[in-house]
Structure formats: C-alpha cells, structure tokens
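I opened this structure to see what could be looked up in it. My entries follow in the order I made them.

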Amino acid sequence: MSAPSAALQRLRLRTELRKARTRAGLTQRQVAAKMEWSSSKLIRIEAGEVGISVNDLRPLLAAYGITESRRVEPLLDLARNSRKMPFSEYRDLFGKEFLQYLAFESSASIIRQFNSLQLPGLLQTEEYGRAIMRSYSTSVAEETLDRYIEARLLRQELLMSDEGSQLFFILDESVVRRQVGGRGVMRAQLERLAELAVRPRISVLILPFSAGAHAGMQGPFTHFEFEADEMPDSMYVENPRGDSYTSSDPEETGRYLERFWDLEDLCIKEGVPDLLRRMAGRLEEGSDDLTALLGHADGAQNQ
C-alpha cells in the first residue's frame with residue numbers, strides 16, 4: 001500500500017471510529033475505561049496520530065455495538081492498511097500537527113495554499129530551504145538540517161507526476177521578491193518556480209502589491225479537499241510564532257475556501273511563468289533591489 005493510501009485510510013478509520021463512538025453515546029473516558037486503556041491512547045487514535053492494531057480494533061468495535069461481519073471487516077482492512085503513515089520516520093523532527101498536515105498533503109485530491117511570507121515547502125529548492133531554516137535557527141545541527149531537507153525533497157515527489165493531486169498556490173508578491181539566500185539562490189528558485197508553473201496539475205498565481213489590503217494578510221493557510229465522499233475538507237493554519245491548527249469543521253473549512261477564491265480574483269493569472277523568468281533575469285542584472293534604487297537616488301542627489 002502506498003504512503004498516500006495509508007494516510008487516507010487512517011483518516012477514514014479515525015472518522016469512522018469517532019462516528020461509531022458518538023452513535024454509541026459514549027465519551028472517550030468511558031470507552032478508555034471499558035477497554036482498560038489510558039484516555040490518551042484513545043485520544044491519539046481518534047486524532048489519527050497513531051494507528052490501531054486489528055487485535056485492539058475488534059473489541060473496540062464490539063464496545064460500540066458493531067459486530068456484524070459486513071461492518072467489521074471493512075474497518076479491519078482500514079486498520080491493516082493504515083499502519084505505515086507517511087514520514088513517520090521523521091516523528092522526532094515534526095510535531096503532531098505537522099505530521100497531520102503531511103497526511104493531508106499526501107492524500108488530498110486538491111490542495112489550495114496561500115503564502116504571504118515564504119514559498120511553500122513543496123515549491124522550495126534545496127538551497128532556498130536551507131537558507132530559510134538557517135534564518136530560523138543558526139544553532140541547528142547540520143545533520144538535523146539535512147534530515148529536514150531530506151523530508152522536504154521526499155514531499156516534492158508529489159509534484160513529479162502528471163497525474164495525481166491538483167495543486168493551487170497563491171503567492172503574495174513579497175514571496176517572489178524577497179531575496180532568500182542571496183541573488184543566486186533566489187534566481188534559481190524563481191527559475192524552478194517558473195518550470196513548475198507550466199505543469200498541468202500545478203497552478204501558481206501571484207497576488208500583487210497593487211491589490212492593496214486583503215483577507216490573506218491575516219496569515220498563510222492550506223485547504224485540503226479529498227476524493228472520498230466520507231472525508232471532509234480540512235485546513236491547516238500556522239501563525240508566525242510557529243503554533244499550528246488543523247480543522248475539519250465544515251463551517252471553518254468553507255470560510256477558508258471562500259477566502260482562497262476571493263484572493264484568486266485579485267491575482268495575476270496569465271503569463272506567470274514568463275513573469276517569474278523576467279524577475280529572475282532582473283535579479284541576475286542586479287536591477288530588482290530597493291537598495292540599488294536608493295543608491296541611484298543618492299547618486300542623483302550628489303550630481
């Protein structure tokens with residue numbers, strides 16, 4: 001079973017288990033006591049943070065009054081196929097919220113992402129990613145940094161096929177103008193972004209400064225949509241402090257989807273790959289820099 005399927009099946013299983021417990025009229029504490037588990041074990045299972053073995057699932061389903069083979073067997077299959085979650089080998093690097101994000105990312109049929117400060121990890125070159133991480137902490141060990149980059153490059157396999165998820169990225173103009181890592185790194189990043197923007201499953205839009213104030217100024221977010229009817233849309237929000245939040249509440253995810261569509265209406269949509277290439281060229285010439293403009297102004301004043 002591929003990693004995306006494993007992630008999706010764990011998401012399906014946790015949804016079904018929550019529904020089953022609710023229909024049975026039981027609280028998490030009551031179920032944990034009945035199963036002789038710690039409350040945290042059931043909480044982690046229902047959150048999708050850990051899998052559940054077939055041996056544990058059978059008595060849990062019985063506690064919920066689910067004993068018919070036609071109902072039990074599909075859930076046991078979900079448990080069998082969801083044991084290996086994507087990126088589980090990086091649990092020491094990532095918190096549970098971001099691991100949940102990675103499960104969404106590897107399983108969604110449509111990903112919509114708005115970024116106002118930096119490029120999404122899926123679009124970053126290795127050099128850009130290293131520069132970003134070094135700016136967050138100069139004390140991170142080189143081996144740890146290498147593993148962060150390794151995980152990021154593994155995620156980018158999602159981009160390589162012409163089949164699979166539809167990916168929509170809205171980037172604030174500041175994202176493509178900020179010289180992360182210096183001119184050379186940023187030039188290569190813009191050229192890479194231009195290459196990705198012409199792929200059939202990838203849409204890259206630029207939200208220009210001229211759009212003025214907009215709802216996206218509240219912060220970046222990602223909205224996930226799944227093919228499976230039983231899987232609700234989900235969203236992920238991260239604030240500048242690094243705190244993150246995920247939700248599958250229909251009202252909340254619907255509000256963020258509408259926000260994404262509103263931002264789309266403000267974006268540059270046509271000719272984005274050519275625009276990015278021209279920006280890369282101007283970086284090479286050294287003509288796309290406010291400090292250069294300031295230097296020119298100083299020279300004019302001295303004449």
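**Salt-bridge network**

I began with charged side chains and found Glu126, Arg130, Arg134, Glu142 and Asp146 linked in a network of salt bridges. I note here that the model is a predicted one.

I then took the network pair by pair. Glu126 bridges to Arg130, and I read 3.2 Å between their closest N and O atoms. I looked up where the two sit: both are in helix H7, which covers residues 126-136. They are four residues apart there, about one turn of the helix. Glu126 has a relative accessible area of 32% and is partly exposed. Arg130 is partly exposed as well, at 22%. I noted that the cut-off for buried is under 20%, so Arg130 at 22% does not count as buried.

Next I checked Arg134, whose side chain meets that of Glu142 in a salt bridge with an N to O distance of 2.3 Å.

**A pair in helix H5**

How many salt bridges does the rule count? I wrote down 15. One of the pairs I looked up is Asp77 with Arg80, whose side chains meet at 2.7 Å, N to O. Where does this pair lie along the helix? Asp77 and Arg80 are three residues apart in helix H5 (residues 69-81), so about one helical turn separates them. I read 37% relative accessibility for Asp77, which is partly exposed. Arg80 is also partly exposed, with 41%.

**Ile66**

I moved to the loop between helix H4 (54-63) and H5, where I found Ile66. Is Ile66 buried or exposed? I read 5% relative accessibility, so Ile66 counts as buried. I then listed what Ile66 touches, leaving out residues up to four places away in sequence: Ala20, Leu61, Arg71 and Val72. I followed up on Ala20, which is 46 residues from Ile66 along the chain. The C-alpha atoms of Ile66 and Ala20 are separated by 8.2 Å.

**Helices H10 and H12**

Two packed helices are described by the angle between their axes and the distance between the axes. I looked up both values for helix H10 (residues 183-197) and helix H12 (residues 272-285): the axes come within 8 Å and cross at roughly 165°. An angle over 145 degrees counts as roughly antiparallel, so H10 is roughly antiparallel to H12. I recorded the crossing of H10 and H12 as left-handed.

Which residues make the contact? From H10 I listed Arg183, Met186, Arg187, Leu190, Glu191, Leu193, Ala194 and Ala197. From H12 I listed Pro273, Leu276, Arg277, Met279, Ala280, Leu283 and Glu284.

**The whole chain**

I finished with the totals. I counted 13 helices and six strands in the chain. The chain has 303 residues, and 44% of them count as buried. The chain exposes about 15,600 Å², with carbon and sulfur atoms supplying 49% of that area.

My last entry is on contacts between residues at least 6 apart in sequence: 71% of these join residues at least 24 apart.

Terms used. Residues are numbered from 1 along each chain as its sequence is written. This is a predicted model: local features need pLDDT of at least 70, side-chain atom pairs count only at pLDDT 80 or more; totals for chains, interfaces and linings use all residues. Side-chain values use heavy atoms; hydrogens and water are left out. Buried means under 20% relative accessible area, exposed over 50%, partly exposed in between (1.4 Å probe, protein chains only). Contact means heavy atoms within 4.5 Å. Accessible areas come from the Shrake-Rupley method with a 1.4 Å probe; for residues, only the protein chains shown count as cover. A salt bridge is a side-chain nitrogen of Lys or Arg within 4 Å of a carboxyl oxygen of Asp or Glu. Axes are lines fitted to C-alpha atoms, for helices over the stretch in contact, and angles run from 0 to 180 degrees between N-to-C directions. Angles under 35 degrees count as roughly parallel, over 145 as roughly antiparallel, 65 to 115 as roughly perpendicular and the rest as oblique. A crossing is left-handed if the near helix is turned anticlockwise from the far one by less than a right angle, and right-handed if clockwise.
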